Amino acid sequence: MSAAPISSSRRGLTVLLVAIVVVLAVAPLFLHRDSEFGGADGAAEGAIAEIAPDYQPWFSPVWEPPGGETESLLFALQAALGAGFIGYFFGLKRGARQSGR
Amino acid sequence: MSRKVIGSRVILCLAALLLAGGRVAWAAGSAAPQAMHIMEGFLPPAWAAFWFAVALPFWVLGFRRIRRLVAEKPETRLLLGLAGAFTFVLSALKLPSVTGSSSHPTGTGLGAILFGPLEMSILGTIALIFQALLIAHGGLTTLGANATSMAIVGPLVAFGVWRGLRDRLPQGWAVFLAAALADLITYVVTSAQLALAYPDPTGGFVAAFAKFGAIFAVTQVPLAISEGILTVLIFNALRSSAPAELQALGLKGA
């Protein structure tokens with residue numbers, strides 16, 4: 001093993017940090033039980049409509065997912081591509097370390 | 001008490017404050033969902049062109065820097081992919097926020113710290129093109145504007161904060177602040193871009209900026225904290241897993 005052993009305090013910090021991210025993402029769901037957590041670009045559209053009611057978008061997307069299901073598929077695909085590469089990277093590094101570089 | 005322990009306590013207090021603040025904001029009825037990117041066709045042609053003109057030099061220089069980097073230090077290629085992958089993952093995660101709406105982080109802090117803002121302008125723009133073409137999120141006409149906020153100004157801020165703080169704070173804190181502030185500034189720039197294109201009929205730019213800014217201000221703060229933490233986690237993992245690559249980039253390994 002060439003890597004320095006990870007100290008227990010560092011591991012504790014990692015667990016704490018992950019926990020904070022989870023709490024930040026999950027707590028809102030319980031704070032606002034009546035919300036749908038709409039993300040989306042719809043509302044900025046609303047704000048523009050208020051300030052400039054006559055504005056007509058002059059260009060529409062070349063292609064738009066037919067619905068929410070396909071859109072979530074594509075978002076999942078995007079995340080999977082990224083996460084897949086990150087997993088590959090760290091797996092490769094770990095393998096290289098274990099075989100003594 | 002060690003610095004680390006104090007640091008964790010500060011984070012916990014911040015989180016508690018935010019949760020409380022989110023509740024208040026919600027009660028005051030200021031909750032509205034918001035956009036991360038400016039939608040297709042939603043900037044008048046002149047502004048769309050203006051932001052392309054702003055982004056173009058960064059793209060040209062960024063492209064050159066990446067080409068040189070890959071030629072001179074081929075061992076950093078994988079790491080370049082990793083920074084791009086991190087942006088891909090983070091900008092696909094629409095996280096619920098304390099205001100009752102969702103938004104997503106940007107993931108641009110990591111690449112800006114590892115490589116620099118010019119290199120990150122290319123990586124961030126690739127993620128934006130993917131979203132504009134496949135998911136109709138953001139757009140091609142607004143690509144210049146969205147790249148300016150997310151792939152250029154965000155990374156510039158991350159890089160500046162990182163360079164300014166890395167010798168003064170523990171490394172983790174410098175990484176955290178760089179990534180979190182890059183996330184926040186991205187939204188500030190987006191509101192400014194919208195306000196420039198759509199000034200309020202009576203209050204002008206300032207009133208419109210306040211309006212667009214208010215839409216996401218509270219929503220984005222917890223997401224910026226999450227983004228900062230996630231960036232610290234992956235940076236720590238890199239320090240122990242890829243010290244040689246970090247060294248090649250002039251960063252200290254574990």
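Analyst: Let us begin with Ser191(B), which touches Phe209(B), Phe212(B) and Gly213(B) when residues up to four places away in sequence are left out, a contact being two residues whose C-beta atoms, placed from the backbone, lie within 7 Å. This is a predicted model, in which local features need pLDDT of at least 70, side-chain atom pairs count only at pLDDT 80 or more, and totals for chains, interfaces and linings use all residues. Residues are numbered from 1 along each chain as its sequence is written, while chains are lettered from A and ligands numbered from 1 in the order in which they are written.

User: Where does Ser191(B) sit, and is it buried or exposed?

Analyst: Ser191(B) is in helix H7 of chain B, where helices (H or I, at least four residues) and strands (E, at least two) are DSSP runs numbered from the N terminus. Ser191(B) counts as buried because 23 other C-beta atoms lie within 10 Å; the cut-offs are 20 or more such atoms for buried, 12 or fewer for exposed, and partly exposed in between.

User: How does H7(B) pack with H8(B)?

Analyst: Helix H7 (residues 171-197) of chain B and helix H8 (residues 204-241) of chain B have axes 7 Å apart and pack at about 155°, so H7(B) is roughly antiparallel to H8(B). Axes are lines fitted to C-alpha atoms, for helices over the stretch in contact, with angles from 0 to 180 degrees between N-to-C directions; under 35 degrees counts as roughly parallel, over 145 as roughly antiparallel, 65 to 115 as roughly perpendicular, and the rest as oblique. The contact of H7(B) with H8(B) comprises 23 nonpolar, six polar and two charged residues (Ala, Val, Leu, Ile, Met, Phe, Trp, Tyr, Cys and Pro are nonpolar, Asp, Glu, Lys and Arg charged, and the others, Gly among them, polar).

User: And what about H2(B) against H6(B)?

Analyst: The axes of helix H2 (residues 45-72) of chain B and H6(B) come within 7 Å and cross at roughly 45°, which means that H2(B) is oblique to H6(B). Residues of H2(B) including Trp51(B), Phe52(B) and Phe58(B) belong to this contact, as do Gly144(B), Thr148(B) and Ile152(B), among others, in H6(B). By class, the contact of H2(B) with H6(B) has nine nonpolar, two polar and no charged residues.

User: Which residues have the most contacts inside the largest nonpolar core?

Analyst: They are Ala83(B), Ala158(B), Ala178(B) and Leu181(B), in a core of 89 residues; such a core is a set of buried Ala, Val, Leu, Ile, Met, Phe, Trp, Tyr and Cys residues joined through C-beta atoms within 7 Å. Beyond four places in sequence, Ala158(B) touches several residues, among them Thr108(B), Ile113(B), Ala178(B) and Leu181(B).

User: Lastly, how many helices and strands does each chain have?

Analyst: Chain A has three helices and zero strands, and 13% of its 101 residues count as buried. Chain B has nine helices and two strands, and buried residues make up 57% of its 254 residues.
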